[in-house]
Amino acid sequence: MRLLTTGFVTVCAASILTQAALAAPKQEIDPKLPLSMESKACIACHEIYTPGIVHDWQSSLHARTAPGLALKKPEIERRISVATVPERYAAIVVGCFECHGQNPEAHKDNFKHNGFRINVIVSPNDCRTCHEKEVVQFSDSKKAHAIKNLMDNPVYHTLVDSVDGLKKVVDGKIIAEKSSYNTKHETCLGCHGTKVEVKGMKTIRVATGEMSVPDLTNWPNQGVGRENPDNSLGSCASCHPRHSFSIKVARKPYTCGQCHLEPDVPAYNVYKESKHGNLYESKEEEFDFKAVPWKAGKDFESPTCASCHNSLVVTPDNRVLAERTHDFGARLWVRLFGLPYTHPQPKSGNTTIIRNSDGLPLPTNFTGVPASGYLINGDEQAKRLAAMKNICSACHSTPWIDGHFKKLDATIKESDAMTLAATQLLVEAWDKKLEDKANPFDETIEKMWTKQWLFYGNSIRYASAMSGAPDYAAFKNGWWDLSETLTRMRDTIDFKAFMKGPGSAATKP
Amino acid sequence: MRLLTTGFVTVCAASILTQAALAAPKQEIDPKLPLSMESKACIACHEIYTPGIVHDWQSSLHARTAPGLALKKPEIERRISVATVPERYAAIVVGCFECHGQNPEAHKDNFKHNGFRINVIVSPNDCRTCHEKEVVQFSDSKKAHAIKNLMDNPVYHTLVDSVDGLKKVVDGKIIAEKSSYNTKHETCLGCHGTKVEVKGMKTIRVATGEMSVPDLTNWPNQGVGRENPDNSLGSCASCHPRHSFSIKVARKPYTCGQCHLEPDVPAYNVYKESKHGNLYESKEEEFDFKAVPWKAGKDFESPTCASCHNSLVVTPDNRVLAERTHDFGARLWVRLFGLPYTHPQPKSGNTTIIRNSDGLPLPTNFTGVPASGYLINGDEQAKRLAAMKNICSACHSTPWIDGHFKKLDATIKESDAMTLAATQLLVEAWDKKLEDKANPFDETIEKMWTKQWLFYGNSIRYASAMSGAPDYAAFKNGWWDLSETLTRMRDTIDFKAFMKGPGSAATKP
Amino acid sequence: MRLLTTGFVTVCAASILTQAALAAPKQEIDPKLPLSMESKACIACHEIYTPGIVHDWQSSLHARTAPGLALKKPEIERRISVATVPERYAAIVVGCFECHGQNPEAHKDNFKHNGFRINVIVSPNDCRTCHEKEVVQFSDSKKAHAIKNLMDNPVYHTLVDSVDGLKKVVDGKIIAEKSSYNTKHETCLGCHGTKVEVKGMKTIRVATGEMSVPDLTNWPNQGVGRENPDNSLGSCASCHPRHSFSIKVARKPYTCGQCHLEPDVPAYNVYKESKHGNLYESKEEEFDFKAVPWKAGKDFESPTCASCHNSLVVTPDNRVLAERTHDFGARLWVRLFGLPYTHPQPKSGNTTIIRNSDGLPLPTNFTGVPASGYLINGDEQAKRLAAMKNICSACHSTPWIDGHFKKLDATIKESDAMTLAATQLLVEAWDKKLEDKANPFDETIEKMWTKQWLFYGNSIRYASAMSGAPDYAAFKNGWWDLSETLTRMRDTIDFKAFMKGPGSAATKP
């Protein structure tokens, strides 16, 4: 096989010039900016065998500028955040090898590929060479810790198993197994990220013969908190997918909508129904999704997720309304995502360290008291709210903005009160031994309770925050279900108590 | 503070020329059309403090033409419907003050702002200066009466409270409170509109210091039937949002889709799944959404909501297929929205006056008999159906059109029959005292009954009317649920009757 | 009436030249390519009476090229698949009469219309004159047999009636009628297609007077398996709608999304949430949806449904990755659509011939054993999987592709195991006589069982196949519901058994 691939490289190398000449749409690449010799070799073959990747890259800015040139732009216009780049990258475009050849010693997924040492996975630590600030911000965020925060928290892990675990019926009883890694990969870890490790090498058969490549676990995956073979956390491709590394794609709501959607975190769904979403959908083609910095009013008439949560947003005369951040919680003061109640944002991106008053790894206790020691304080909350309001101010007056957030505050309170009501019924069911609290997520009444805060409570809060989606909040996944589920919890308790016998019967209807 | 804001005005006024010169994208504004002195002052400061608003306006036709010029167009091409405009507006563009300075005496929300008398809210009565016909048509419609029709109808108000009211659990019982205005604002009144009143003045802190502004109730809101501080009804910004006043946005289905969507009025959802919706989504960028009049076949190949329900639609040679209307029910003969059964459209936009044969403010009684005295008669229905068919005729033959509406008629009948079946089960539950009819919306069987007509019956009718969405009507929110809910109502009655004791037991399974 | 229409033709004919001159956007029609005399006559009148149709056609390629010219293109670029076209069509554009005048002797819907013999319906057999390969491929597919496969299979027909049949409540009992043809037309047959027959002639009133036209049953309909009055099967307009016959529309996911959507076949829904869907939605306007052949990477950066399932897809240097097919199952090895379990694709598009081990017309039996004699074998499965992987290879490496399909295999197994668990509970309910197995689709527990495989099992498999939609598979219509429904089936069996009496009581909670 060694002979075969070596011969293959020779063939490809011999045809680099003609191949490149034939295949590359030259007008897209600045002819004065050279490609490294290594990347030329990559493209010569991959143009033939995976042309989609090559064309995707050719459409990217990586293929049309060089890090050294990028640094010559005014700072506010830069997409690059280091002060200097290594000399060898300064004057060439960012090609295949510039990314897949980074930090080979750190990559357990590095392998010899046609004469080059290649990493299968490009990790945030590799992107850091040019995009340092973004990687540093990201690394402290909840997103970077997305696997651990889910899998190393025994409460959440129990929820995952209760939802995703294979069930068998034995003697009429439902027996739940732990969820398989495969199913977690297809569900929770599809967004949170998988742990990608190198099991060893394996031989695969490709068009040109056999090839020895790293054998990766839980691959492919582009979850936002992916654990990479170089021990870094995250996947930039979650939002800047594949080889076009597009800021346009990252700014479009569909990208966030891959993970932030109904029924649990319906951010994308309520955005679409909001006035902001309507304007975006109606006029999308008039916006400039590539401009850096991003000018409110001029480049976009209505915000997308990125405008409010992480982009560098300025006024048309370049007054900064919000600095760019890749810590996506950095502009948030309250965590609308109830666990099971809303609470101030956690101090650390690693939320496994949190303990509530019952000693559980949850940010609130069963009656809604926040685990304050682990959450940001009022001053920090006020600072972040003010930062968010500053973005709104590009298009809205102060009373409008204040009125909006006052509504949100009231909705947060009411939705938490609805969670408390459901919790009281759940406790009644547990107290009457109708369901078993050992696992709070696996029986009928427990599942109704879970939906109250995880689906419906979240929905009305997200709808409120997004200044829209009133029908969603009323009928789709919000108040209607909150109210109906309470009556069904009451009925189910009554049925189960009746069956159990008069001693434990609940209020009869 | 007075000193402060006066000084502020002076500073801004001094910089008008340079600011305007720097910030306004001149090419978008016809240089021959002047801006009023007042609007110049507005823009000089707001360009700095709320640039999004200013740029939004600059993208509008208001910023690029003058009412006097608009009147010189052939009538069929006009977006303006008065015969003459006040002299002072004839030769200037429609700027900030031209709208926010209208009818100050009528506006309780008028306040002194940097030397000018400004209304916070621009109401339909203000738009009427140039768009009279549209406002007159709108003012008689159900949309203009959207708050009253919901809140002043005790039956509907009970439904609102049952859905949106905060629930508490006291001694194991669910205690429902009246819904808070805040929650209604975030749900029903988000679309129907809030009552905006002036509580007084309040001092706010803005970038330039303190400022005294009207303190408005239930603000912000752009619901279609909003009650404004000048006593007018409605918000044109519901569909022509904010400061671009775009006919393009109003004609796109996303706008209607802010409120007309699943599960209760899934017009937008079934449109998307229909052939019309598919063509729109696939070819949207080939349509001309700004053309007036709107030429079927030429400007659009497939209708959006506006084409059938309110736009001025003509053939490519300007034969009128449908006159423009802003009474959005004007082309409708049957009301598909069951209350709880379908019925002819109401005669008046104010539906609180309707009384059914039981004396209730509903357009049908419990068995489906319409309150005919309050509803349009057969002649009027036939006239409206013919008007709608005329629009279809731009692209469809007569037998095709007739076949379509014949199907709709049959579906209406079957869906109403399904509502009747559910009603019979509900009556059984009430007769057996399993649930309490005092409030028909707050218990389990009652909620199942409500979903039958409000969610599922509506869905199959909307799907039928939109000539599409067969999967939606079958499985999503239609026949599947209609059938399943009936079996569940039957089961729940049996369970509850069994618990109540043998005397009242229902048919045993 | 005869006089009237004859006179009408004369009037129209007299105005052909001027009408055509006025109305046709000349730049869209190659002036050197003539229109037949017949089609000129059609357009002269229909330009006035159904201008939308005429303009739609004018936007089509049919209006701008001639079959003879199309044949001069290199084969790989052709949209036409015959070797030769009839002489009379070679040098004219494909106008109204060229399609609506095809094979008049075969068409029971042919009628005399203003001096011409016109078919109301253009069928696949007519399109075959130029597009032979496509029609032949289609005719053997499951799609072409979509009506028969549903209506002539007694098991599926029972499901249809249970869902769509009108229910009445008589003496407290739910009495289900057979579903009406009208409702089937609006639901299942909206996609599967209706049987369109000629009942006779009828007189209709149109703008120019009365007219005698064929009276068609179950019309209009464009379902994919429509049975046409010329005895052919199918409607090309399902995907190439109306008169623009657009390849662009057919390649956009909205077209497939008319029928393949949640909750039963959520292909479109999970696509939208996938990385592929995100890229499509974010960059749609950069793709070339009209290019033939379709170059992966160059013409599209992310696949739509058509890319993977039926388009002719090539590399930028015209290496064929997949041949065009209009048998939409031809690239599929496994049928994800559980009936009730997944199984290898059927050998024949006519699935009514299948018999499982119990003699039922289902591809698997009640425990999941496939009816192998009627399904493709392992070799054929392997061949098809390899063909699909070949498409992926345009943009993905071999280990990535293998990893993806390995995940799918595991998900198929787990989802089938979940169906088996639900089936065991259903059997318990039947054995205890709690529900009646005579109709397995019409009672509460039975409906829960049906949702397990028809809604939730399908959802997680489609999500897995589409390499995305993890949240959908977790919470929307997937694992959450699979798990919750099992606990509810258990509870409902217990309630019903308890009511039935101690003799048959199930495991007490």
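Colleague: What is the area buried between chain C and chain B?
Modeller: In this predicted model, about 5,800 Å² is buried between chain C and chain B, and carbon and sulfur atoms give 60% of that area. On the chain C side, C:Glu186, C:Gln258 and C:Met499 lose the most area to chain B, together 13% of what that side buries.

Colleague: How many residues does the contact take from each chain?
Modeller: There are 70 residues from chain C and 56 residues from chain B.

Colleague: Why is the meeting of C:Glu186 and B:Lys407 called a salt bridge?
Modeller: The term asks for a side-chain nitrogen of Lys or Arg within 4 Å of a carboxyl oxygen of Asp or Glu. The side chains of C:Glu186 and B:Lys407 have an N to O distance of 3.3 Å, so the pair qualifies under the 4 Å cut-off. Between chain C and chain B the count is six salt bridges.

Colleague: Which helix of chain C gives the most to the side that touches chain B?
Modeller: That is helix α20 (residues 444-465), with seven residues. The residues on this side of chain C divide into 30 nonpolar, 21 polar and 19 charged.

Colleague: How do you know how chain C and chain A are related?
Modeller: Chain C superposes on chain A by a rotation of 120 degrees with 0.0 Å of shift along the axis, at an RMSD of 0.0 Å. The two copies are therefore related as by a three-fold rotation axis.

Colleague: What makes you say the copies meet through different surfaces?
Modeller: Only 3% of the interface residues of chain C are also interface residues in chain A, so the surfaces are different.

Note on methods:
Residues are numbered from 1 along each chain as its sequence is written. Chains are lettered from A and ligands numbered from 1 in the order in which they are written. This is a predicted model: local features need pLDDT of at least 70, side-chain atom pairs count only at pLDDT 80 or more; totals for chains, interfaces and linings use all residues. Side-chain values use heavy atoms; hydrogens and water are left out. Contact means heavy atoms within 4.5 Å. Buried area is the accessible area (1.4 Å probe) that two parts lose on being put together, summed over both. Helices (H or I, at least four residues) and strands (E, at least two) are DSSP runs, numbered from the N terminus. Ala, Val, Leu, Ile, Met, Phe, Trp, Tyr, Cys and Pro count as nonpolar, Asp, Glu, Lys and Arg as charged, and the others, Gly among them, as polar. Copies are superposed by least squares on the C-alpha atoms of residues with pLDDT of at least 70 in both.
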